[in-house]
Amino acid sequence: MVNFGKVLASDQLEEWKEYYINYKMMKKKVKQYVQQTQDGGRNHEQVLKEFSRMLDEQIEKVVLFLLTQQGHLASRLEKLGQQRAILTEHSDISQVSQVREAYRQVGLDLVKLLRFVDMNATGIRKILKKFDKRFGYRFTDYYVSTRANHPYSQLQPIFKQVGIVAVAGALTRNLASLQDHQGSFISIYDHPSITLKDPVIEQINNSVQKLTHSTTFLTFLGQHAMIIPEDVQTSSEDLVDDQSYHFMSLMLNLVNTFLYMVNTYIIVPTADDYSVSLGAAATVCGVIIGSMAVAQVFSSVYFSAWSNRSYFRPLVFSSIMLFSGNVLYALAYDLNSLTVLILGRLLCGLGSARAVNRRYISDCVPLKIRLKASAGFVSASALGMACGPALAGLLQTEFKIYAVTFNQNTLPGWIMSLAWVGNLIWLWISFKEPDHFAKENAVNTQSSDSGHGRNDNLEGGLAQPLLTEAKERQGENADNNENDPKESHKAATSIAAAYRLLTPSVKVQLLIYFMLKFAMEILLSESSVVTTFYFNWSTSTVAIFLAVLGLTVLPVNVIVGSYITNLFQDRQILVASEIMVLIGIASSFHFGSSYCVAQYVVSALITFVFAEVLEEGSTCPSCPG
């Protein structure tokens, strides 16, 4: 594993080496502070003052060098501006290319400066995070708030890039004015919708976007979806360009996500009634609902492996499996077979392509819109979770066509089967396989006689970005792990070996994730049984109640990601959420002589909402161990 200190040492420019933050020294200082406070040699106030002063000095070093380099770039742009004015005045078109290349060289130097700022900004964020983690103190909030808002702030040039953006603007404007060799120059300010198609400008824009994206709401959604890692790739590492990106294919992945979530929850309001109609107990609805999630455990494995070679075929297979599963689910009523019913739900779970949907966004969407696509993934999931029960509430009718029964129990299956047929047709017509798969297939076809083309292509082609991403994630874990055992470098050869590689914090988070999902599934699957038994609720009422619960997912995530995590430590949020889930579950029990609607609704809201908070905390990539 490669930690950030090693990444910084290997990626920094040699000629600027002395101007980077000394991350290794600060990391050692943090360890010393911890030891000194534990031994009683220093109190927390002394440590905070010394660490603040040290960090101020490191940031000042970076900022002063940044300002110097910005001045050099500005001087070069000023001289080039004079040359451009002379060319324009004398209409010397022959020298335009030479001046344009000089501007582009300035742009490339600006990209180097942006990467310098990015590396230092990442180092500052990481050392603050490490300090908070080791001391259990929210020092980052204090430091950023006092430094960023000060009139003499030195954080603003790093995190706001005001001067750099001004240089980038001057560069873009002058390159745009040289775009037309005939002299009818176009101003980027008069025509803001016009995008300058220049590779250097695109590199600059991508670098600026990378520096600024982490404070946006869309990034939070992407991290919650486990698509965008905390430290995303730079523009030079991003393998997806605008030409290879296909918007309709992205939409089809989001539609697949939405339909699958609808498919999961559309049967919840009527599952108890369906099981009773087949001669089983109402509580068997828990098995019916949960069987889909059980099958999804297995489908995620083969879909993840399949997505190494194709996205189109897994999505087609997903639609076919879900169509078949829903047809069996609907036919189980006329066949009077609980086995067929459960088999249908198992087939639906085996058609879960959520791993493919996440992977497509991560690998096949350009960096500049990947955050929006990630937000769309989370939004589609939340909307599907709410629409499923709501749609079930509208299907309160009964009729027959020949020998096939259509009622509130079977209609969810028939509706979803039609939806998946439509999705399959749309997929077949509109989906475009990413270019790297198309190239791989072409190479495989040409080298089929040798017998080695396929394996070589998989190992040398697609495997590379996956390994890069894995190394980035491992680097984050290594940076947070002070004791890096040798065993962690070895590949796991069995489930037991993989389990031994898990750190205690990961084991705890996996246990939390399992328990919260267990609590949520119990709440949802037994809601119709409980409400019918105690309150005599109709299917429509249960559907509305579950839809309202589903609608809380997105706002809860927004509040937690945008506000709560800035006020409290992640560990505190997790502990408080666990306590609230426990309170919600305990308050749902029937203790007294009566059991009212208010008690059940409040307890369900507490359990569901704080389980969502727990899910955000236990799956967010930025959460410390």
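Lysine 112 counts as partly exposed, because its relative accessible area is 30% and the partly exposed class lies between buried (under 20%) and exposed (over 50%), with a 1.4 Å probe and protein chains only. Lysine 112 forms a salt bridge with glutamate 15, the closest N and O atoms being 3.8 Å apart, where a salt bridge is a side-chain nitrogen of Lys or Arg within 4 Å of a carboxyl oxygen of Asp or Glu. Lysine 112 belongs to helix α4 (residues 96-135) and glutamate 15 to the loop between α1 (4-11) and α2 (23-39), so the pair ties together parts that are 97 residues apart in sequence; helices here are DSSP runs (H or I, at least four residues), numbered from the N terminus. Glutamate 15 is likewise partly exposed, at 48%. The model is predicted, with local features requiring pLDDT of at least 70 and side-chain atom pairs pLDDT 80 or more, whereas totals for chains, interfaces and linings use all residues. Residues are numbered from 1 along each chain as its sequence is written, and side-chain values use heavy atoms, with hydrogens and water left out.

The structure holds six salt bridges, among them that between lysine 29 and glutamate 50 (3.9 Å, N to O). This pair links distant parts of the chain, lysine 29 lying in helix α2 and glutamate 50 in helix α3 (residues 44-90), 21 residues apart. Lysine 29 is partly exposed at 26%, while glutamate 50 is buried at 18%. Within helix α3, lysine 49 and glutamate 45 are four residues apart, about one helical turn, and form a salt bridge at 3.6 Å between the closest N and O atoms. Lysine 49 is exposed at 54%, as is glutamate 45 at 51%.

Two cavities of 30 Å³ or more were counted, a cavity being a set of points on a 1 Å grid over the protein atoms alone where a 1.4 Å probe fits but cannot get out. The second largest cavity contains about 50 Å³ of space, a volume being the space filled by probe spheres set on the points, which are joined across faces, edges and corners. Its lining residues, each with an atom within 4 Å of a point, include Tyr265, Met385 and Phe608. The elements giving two or more residues to this lining are α16 (367-394) and α23 (539-551), and α23 gives the most, with three.

How values were computed
1 Å grid on protein atoms, 1.4 Å probe; cavity = no way out; pocket = protein on both sides within 12 Å on 5 of 7 lines; lining within 4 Å.
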